[in-house]
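Here's a walk through one structure, taken residue by residue and then around its ligand. Keep the model open while you read.

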Amino acid sequence: MKIAILPGDGIGTEIVAEAVKVLGALGLPLQLETALVGGAAYEAHGHPLPDSTLKLAQSADAVLFGAVGDWKYDELERSLRPEQAILGLRKHMGLFANFRPAICYPELVDASSLKPELIAGLDILIIRELTGDIYFGQPRGRRTATDGHFPGAPEAFDTMRYSRPEIERIAHVAFQAARKRSKRVTSVDKANVLETFQFWKDVVSEVALEYPDVALDHMYVDNAAMQLVKAPKKFDVLVTGNMFGDILSDEAAMLTGSIGMLPSASLNDKGQGLYEPSHGSAPDIAGKGVANPLATILSAAMMLRFSLQQPQAADRVETAVKAVLADGLRTADIHASGTQRVSTREMGDAVVKAIGKATTN
Ligand code: IPM
Ligand code: MG
């Protein structure tokens, strides 16, 4: 089982180090290989996704990814910015299906900005299409700029498009995921304004005919954004395009109290996956040892389950995370009175210890 470890920028290196420690505690025959990505790769090799990094990722069974980006690269030409690394990995590896679960851990109910009764027991799954939409439209509008800006340019544009096969395959993923849950899918679109999303709605409805046991409803994205804060528990599986999924998944993540808790998986049709926390590189807190490593540790658990066929090891990691939360350990982002504040490393150590305890019991 070969895993490409791509820590990236900002807090990426700190949180991935903790997840690697946790993987090491499982006693599995894992072959880990690390490479630079994002701003760190740009500094060393002049490109955010060097060929060697892409090749390593493509040759691995799974990729464990930290985060990329820093404001200091905002002035760079777009193709060299750190974000291009993650977009490039998604595109080149065909990672079209992005799973972003938003689960509220009982211990963290009070960390949410919503009333506890609205989110206690929350367990929803956002499935975001990841390789199409306005993110990858052709042509991508860059009129006169060479440095990423538009001095005197008359306009800029990005085209939104989806092909039938792209919508069909993500719809199948959503219906199949729903079959393992409560058999409900909400497809999020903007069919009242955009042709692309009328098409999306039509194609998802066609695919739904193959899943008579799963209930499908459609919702406009603005309404979905509102319903997510009004009554998030009404949702189960949401499926949507790349752009809407980007926005709604951040919103859903924050409902649970901390974006520092939520893992994500991006899968292709070969079973390869890229696993990363739902949050970003947070350069403002990088190097301070305060970042929450749990989203990355839980991403490693998703990796064990989805790409490495190690469901028991995945369970062990998830159980250990619940145990440290139950013990009252909290990083700064989820810290509250009556709990014990710990650093990034202490949190990772505690998870490793909890795994050890569960093994000897
Ligand atoms: C995410 C991020 C990325 C995205 C950025 C870093 C390109 O926001 O994974 O949600 O927009 O997809
Ligand atoms: Mg995002």
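K183 counts as partly exposed because its relative accessibility is 35%; the class covers what falls between buried (under 20% relative accessible area) and exposed (over 50%), using a 1.4 Å probe and protein chains only. You'll find K183 in the loop between α6 and β6, the latter spanning 184-189. Helices here are DSSP runs of H or I with at least four residues, strands are runs of E with at least two, and both are numbered from the N terminus. The backbone of K183 is worth a look too: phi is near 60°, a positive value in a residue other than glycine.

Before going further, some ground rules: this is a predicted model, where local features need pLDDT of at least 70, side-chain atom pairs count only at pLDDT 80 or more, and totals for chains, interfaces and linings use all residues. Residues are numbered from 1 along each chain as its sequence is written, chains are lettered from A and ligands numbered from 1 in the order in which they are written, and side-chain values use heavy atoms, with hydrogens and water left out.

A282 also has a positive phi, about 40°, although it is not a glycine. A282 sits in the loop between β10 (273-277) and α10 (294-306), and its relative accessibility of 24% is why it counts as partly exposed.

Now for some pairs that are separated along the chain. The table gives the sequence separation and the C-alpha to C-alpha distance for each.

| Pair | Separation in sequence | C-alpha to C-alpha distance |
|---|---|---|
| P165 and V203 | 38 residues | 9.2 Å |
| G39 and D70 | 31 residues | 7.3 Å |
| D189 and N223 | 34 residues | 9.8 Å |

G39 belongs to helix α2, residues 39-45, and with 0% relative accessibility G39 counts as buried. D189 is in strand β6, and D189 is buried as well, at 0% relative accessibility.

K2 is in strand β1, which covers residues 2-8. Is K2 buried or exposed? At 19% relative accessibility, K2 counts as buried. Its side chain makes a polar contact with the side chain of S59 at 2.9 Å. A polar contact is a pair of N or O atoms within 3.5 Å; within protein, one must be able to donate a hydrogen and the other to accept it, and residues adjacent in sequence count only if both atoms are side-chain atoms. T331 lies in the loop between β11 (329-330) and β12 (340-341), and T331 counts as buried because its relative accessibility is 0%. The side chain of T331 has a polar contact with that of D333, at 2.7 Å.

On to the ligand. Which residues are around ligand 1? They are E83, R90, R100, R128, Y135 and D246, where a residue is near a molecule if one of its heavy atoms lies within 4 Å of it. By class, this shell has five charged residues, one nonpolar and no polar; Asp, Glu, Lys and Arg count as charged, Ala, Val, Leu, Ile, Met, Phe, Trp, Tyr, Cys and Pro as nonpolar, and the others, Gly among them, as polar.

Three of these neighbours can be followed atom by atom. For Y135, a polar side-chain atom lies 2.5 Å from an oxygen atom of ligand 1. For R100, the distance from a polar side-chain atom to a ligand 1 oxygen is 2.8 Å. For D246, an N or O atom in the side chain is 2.9 Å from an oxygen atom of ligand 1. Taken alone, ligand 1 exposes 320 Å², and the protein buries 74% of that, with areas from the Shrake-Rupley method and a 1.4 Å probe.
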